[in-house]
Amino acid sequence: MMRADSRLPHGRHFALTWGISDHYGGMTNAMFRRSRSFRRIGGVDVDILTLDDRPDYAELDERLRAAGELIDGLRIRNIWDELRRRTPPAKGTDIDPVALLVPADDDVVHERDGVVLSRRRSRADGAPTAVDRFRSDGTLLATERADTPSRRIVLYAEDGTPVRAWKTSWTLYRWWFDRLTAGKTSYMLVDSKTAARCVAGYRRENVTTVHIVHASHRLGGRAETLRSSRASVLRRAGDYDDIVVLTERQRDDLVDDLRAFDVTARVRAIPNEAEFLPHSGRPRSNTYGVVVASLETRKRLEHAVDAVARARELDQRIEFDVFGDGPRESDIRRRVRTLGVEEHVRLRGFDPEARGVFQVAGFSLLTSTSEGLPLVLIESMAAGCIPIAYDIRYGPADMIRDGVDGFVVPERDIEKMAQRIVELQSMPAARIEAMRRRAMARAAEFSDVAVTRQWARELRSAFDAKRIESARELPVRVRLRRRAGVLRRRIQWMTGR
């Protein structure tokens, strides 16, 4: 039986991201997990919206369903796939067609079944200058030109007649959002910082917008210094109905930082949820460590390799696996070879089932420069795998009680991390098991039920706040009637009626 306090508010629910890669990371993983909980526990369907030119979302959908990432009630909807399936009726007659690109060797081309679906041309710095998009039968779907002062995107009927035009990609996206919400009460949760920019100015009375900040918003941890990739959105944080971060410490920091920029916004902390895998029954080795992360600069995995190599100088039993792929793979392999630990520090590549390794590993490492609340940290603790993590913003110190359910070491202190790895091997078995139990108990606070309950409360609260705010300009009689409706809905929710 579904508990009343876990039910999501009635309406249409959306999760917006820019795109979904084959080897997606923590943000996309968290989005899928939250969406599944919204369906299973909150009782609502969720449409996952994407804006990129990936050509095979139908095939990806099948693979994700087979892997259990998508369930009944969840579906992926891509703006270009939907426009290919159904072209909207013409609006206006003064739209001129745009000449197609002449194919060039450096164009980025997406194909499906031998048919070109999109052709993209970019400047030397990677910024796109032109895109042509096509339907599955080869007919022209849309042209996009960055250097056109007006009517940047033109949409075409199957016979090649221009039927619609938009001055910017953002106006096209918002037009699509309007079609999806159709004037109905809707909730749009935006996970991607790229997609978040176009939603910051999307204000509709029927749509409650929430931007989820999955990583640190600060540059180098410094106060009032926003990361360039987030600054444009967070300086407009008040244009969202809710900004959600993953820890209370980040919420406090973000509120202070926004105040310094004279920005008023509603900021809340709701963590990512952990998935508790059934006990595998496989033996666990205290000397076996793992890290699950993308191989990118921010994860700083050379530090993990160095720490393990130093720990092995004192305890030759220690073994270590790295699960993930990314642009720094060759650099990390080079570091492993330089330290002479190829047989004991292994790069396993990307594995969608990698989180299962936490059930057999004795410890995990986290060496990132910054995080929000790392999902792998929760997953490690949920499986009883003892985390050893840098004290960064944000996550480790919010989750781990040093020496009680894991270890937090000073950032960049590779020597201290190595010492903790060795110390773990010499601890009495009873103390290690106690740490594992405490880690699992701590992670239980991030269960899917507990987190979905927080989302249910917050979305209702954000909806009510939005309604009250929009009613301030209405006549007193209308305002009183609306507030009475808000109170009635809250009573119905609390009583489960």
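Predicted model: local features only at pLDDT ≥ 70, side-chain atom pairs only at ≥ 80, totals over all residues.
Seven strands make it up, in the order β3-β2-β1-β10-β11-β12-β13, with parallel pairing. Its edges are formed by β3 (74-78) and β13 (267-269), each of which pairs on one side only. From one strand to the next, the twist averages 25°. Strands of a sheet can pair through backbone hydrogen bonds in either a parallel or an antiparallel manner. Here, strand β2 (residues 46-50) runs parallel to β3 and is joined to it by 5 bridges. Within this stretch, Ile48 is found opposite Ile76 in β3.

Two helices can be followed onto the sheet. Helix α1 (residues 26-40) packs on it and touches β1 (12-16), β2, β3, β10 (186-190) and β11 (207-212). The direction of helix α1 makes about 155° with that of β2. Helix α7 (residues 248-260) also packs on the sheet, where it touches β12 (242-245) and β13. The direction of helix α7 makes about 165° with that of β13.

Apart from neighbours within four places in sequence, the contacts of Ser35 are Ala15, Val46, Ile48 and Leu74. One of these, Ile48, is the residue that stands opposite Ile76 in β3. Thr297, by comparison, is 262 residues from Ser35 in sequence and 29 Å from it in space, taken from C-alpha to C-alpha.

An antiparallel pairing is found between strand β4 (residues 108-112) and strand β5 (residues 115-122), which are joined by 5 bridges. His110 has Ser118 in β5 as its bridge partner. The hairpin of these strands has 2 residues between them, and Asp113 takes a positive phi near 55° there.

Elsewhere, two helices pack against each other. The axes of helix α10 (residues 375-382) and helix α13 (residues 429-443) are 7 Å apart, and the packing angle is about 130°. The two helices are therefore oblique to each other. On the α10 side, the contact is made by Ile378, Met381 and Ala382, which meet Ala439, Met440, Arg442 and Ala443 in α13. The residues of this contact comprise 6 nonpolar, no polar and 1 charged.

The aromatic residues complete the picture. A pair of aromatic rings is described by the distance of the centres and the angle of the planes. In this model the count comes to 8 aromatic pairs. For Trp166 and Trp175, the ring centres are 5.1 Å apart and the planes lie at 55°, so the pair is tilted. Both of these tryptophans, Trp166 and Trp175, are buried. A further tilted pair is formed by Tyr187 and Phe463, at 6.2 Å centre to centre and with 50° between the planes. This pair links distant parts of the chain, since Tyr187 belongs to strand β10 and Phe463 to helix α14 (residues 448-470), 276 residues apart. Tyr187 is buried, at a relative accessible area of 2%, and Phe463 is buried as well, at 13%. Finally, one aromatic cluster is formed by Trp176, Phe177 and Tyr202.

Note on methods. Residues numbered from 1 in each chain as written. Heavy atoms only, no water. Pairing = 2+ DSSP bridges. Helix = DSSP H or I, 4+ residues; strand = E, 2+ residues; numbered from the N terminus. Axes fitted to C-alpha atoms, helices over the stretch in contact; angles between N-to-C directions. Contact = heavy atoms within 4.5 Å. Parallel < 35°, antiparallel > 145°, perpendicular 65-115°, else oblique. Nonpolar A, V, L, I, M, F, W, Y, C, P; charged D, E, K, R; others polar. Phe/Tyr/Trp six-rings, centres within 6.5 Å; stacked < 30°, edge-to-face > 60°. Buried < 20%, exposed > 50% of the residue type's maximum accessible area, 1.4 Å probe, protein only.
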